[in-house]
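Please examine the sequence and the structure shown below. The paragraphs that follow discuss one residue and then an interface.

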Amino acid sequence: MNAPDPNAFSLDINDPEDAELIQYFLTELPDRVDTILAAFTNDDFRELERIAHQLKGAAPGFGFPSIGTEAAKLEQQLKLTSDPSESVETLRSQVDQLVSLCNSYINPS
Amino acid sequence: MSETQPNPYTETSPVVLLVDDSQFVHRLLEARLRSESIVLSSAEDGKAGLEIAQRDEPSLILLDLDMPVMDGFETLRELKEDPRTRDIPVIVLSGMNSSQDKVAAFDLGAIDFVTKPFELTELRARVRSSLRMSELLRMLAQKAHIDGLSGLYNRQYFDEKLSSEFNRTLRHGQSLSIAMIDIDHFKSVNDTYGHPAGDAVISGVANLIMRETRSIDIACRYGGEEFAIIMPETDPNQAQLMCERIRQGCEHLAWSRHPARNITISVGVAGTGNTDTVTITPEGWVEMADKNLYHAKQAGRNRVVTTGLDGTHISLAQAG
């Protein structure tokens, strides 16, 4: 289980505009996590790559660069594997990494 | 969470269209470009983006490369092929910092390339810079369409607009009228009072035409002392009234260089109330208006002669 990166918020939570973006991202995140898990379960690797790609591009802008980094790793892995279904275990571990990180923001302990 | 305040729309706020399949990017840029005086419009795929671009002709397009169905390259290619959208600057957004993609995007006509995640200060500056460029291009294009002496559209613009308005009106079966206007005895004004006086007459009549026409009309200096007006959504009766108002207005203009000498105009109008059954070409239409102008001259000048496309004569009494 990854603890949230202490420098995770590259945005200023005290700035109203930044806070609005952080809040929006956190509201949307559970939905994306569900989509990631569903895509992985259904072997829908195209969808998985699409969500990973979007998170990679967007997360840093909302103040979550570590999610962006993990999503980039997942995207990279999907791109490198010609047949992702043959390396499900490697993928599973990367999906788990990303999902746990997201969950640690959604349900901070 | 505070409600998103839409940018107050004013005539001068340029519209920027964002085409991106990610809701996150829409939300992010909506917040981050709020301080710019722009109106952000949005599309979630290339096809919708094309449609909005063709309909609204935004001042700038921010286009994501990596989209499902129709990707950014294909969208960009289509934008650059359509005369309506060809000149709109496009900033390409990409999640990949790939030189190959950059080269391809610039070769397809992109004005700039920005990599995600965005560096926001930089993105804002790039948006501003592209908008400046787009405004300059717009001014330049407009200037190329304006006649220097009269301030009306020039002949070239008239020819362009004639066919596009003609086709558009035909498509919708609307009414359309065309007027040709000529200043009476203009040569004698030049000969008697000199060319500067002649120029003053041309710009005086042009000002009057500009004042008496509506924003939908396309008023041009057709050549020498001749003007032409394309009047969309206007049947020959309405056109007759409008041209009669211009004719009367001209009679009453005061001329500082020759206070004793009035200036009058002759006008020929050809129009129809319903373009559903039109078989004439745009050039034939102008010829018909020109023929009516000739009849106005023959009948003693300082008058408006109007006919429908079928040849029916429109008199002032009918028009009134």
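Which residues does Lys80(B) touch, not counting residues up to four places away in sequence? In this predicted model, they are Arg86(B), Ile88(B), Val90(B), Leu108(B) and Gly109(B). Lys80(B) itself lies in helix H3 of chain B, which spans residues 72-81.

Lys80(B) is buried, yet has no salt bridge. Asp87(B) is the nearest side chain of opposite charge, at 6.5 Å, whereas a salt bridge requires the nitrogen to be within 4 Å of a carboxyl oxygen. The side chain of Lys80(B) does, however, reach a backbone oxygen, that of Arg86(B), at 2.9 Å. Arg86(B) is also one of the residues listed above as touching Lys80(B).

The discussion now turns to the interface between the chains. The area buried between chain B and chain A is about 1900 Å², and carbon and sulfur atoms give 61% of this area. On the side of chain B, Phe24(B), Arg27(B) and Arg32(B) together supply 36% of the area that chain B buries against chain A, more than any other three residues. The contact involves 20 residues from chain A and 18 residues from chain B.

Charged and polar pairs also occur across this interface. Five salt bridges are counted between chain B and chain A; in one salt bridge, the side chain of Asp21(B) meets that of Arg50(A), with an N to O distance of 3.7 Å. Six residue pairs are in polar contact across the interface, with both residues at pLDDT 80 or more. The side of chain B that touches chain A comprises seven nonpolar, five polar and six charged residues.

Terms used
Residues numbered from 1 in each chain as written. Chains lettered and ligands numbered in written order. Predicted model: local features only at pLDDT ≥ 70, side-chain atom pairs only at ≥ 80, totals over all residues. Heavy atoms only, no water. Contact = heavy atoms within 4.5 Å. Buried area = accessible area lost by both parts, 1.4 Å probe. Polar contact = N/O pair within 3.5 Å; in protein donor to acceptor, adjacent residues only side chain to side chain. Nonpolar A, V, L, I, M, F, W, Y, C, P; charged D, E, K, R; others polar. Helix = DSSP H or I, 4+ residues; strand = E, 2+ residues; numbered from the N terminus. Buried < 20%, exposed > 50% of the residue type's maximum accessible area, 1.4 Å probe, protein only. Lys, Arg positive; Asp, Glu negative; His and termini not counted.
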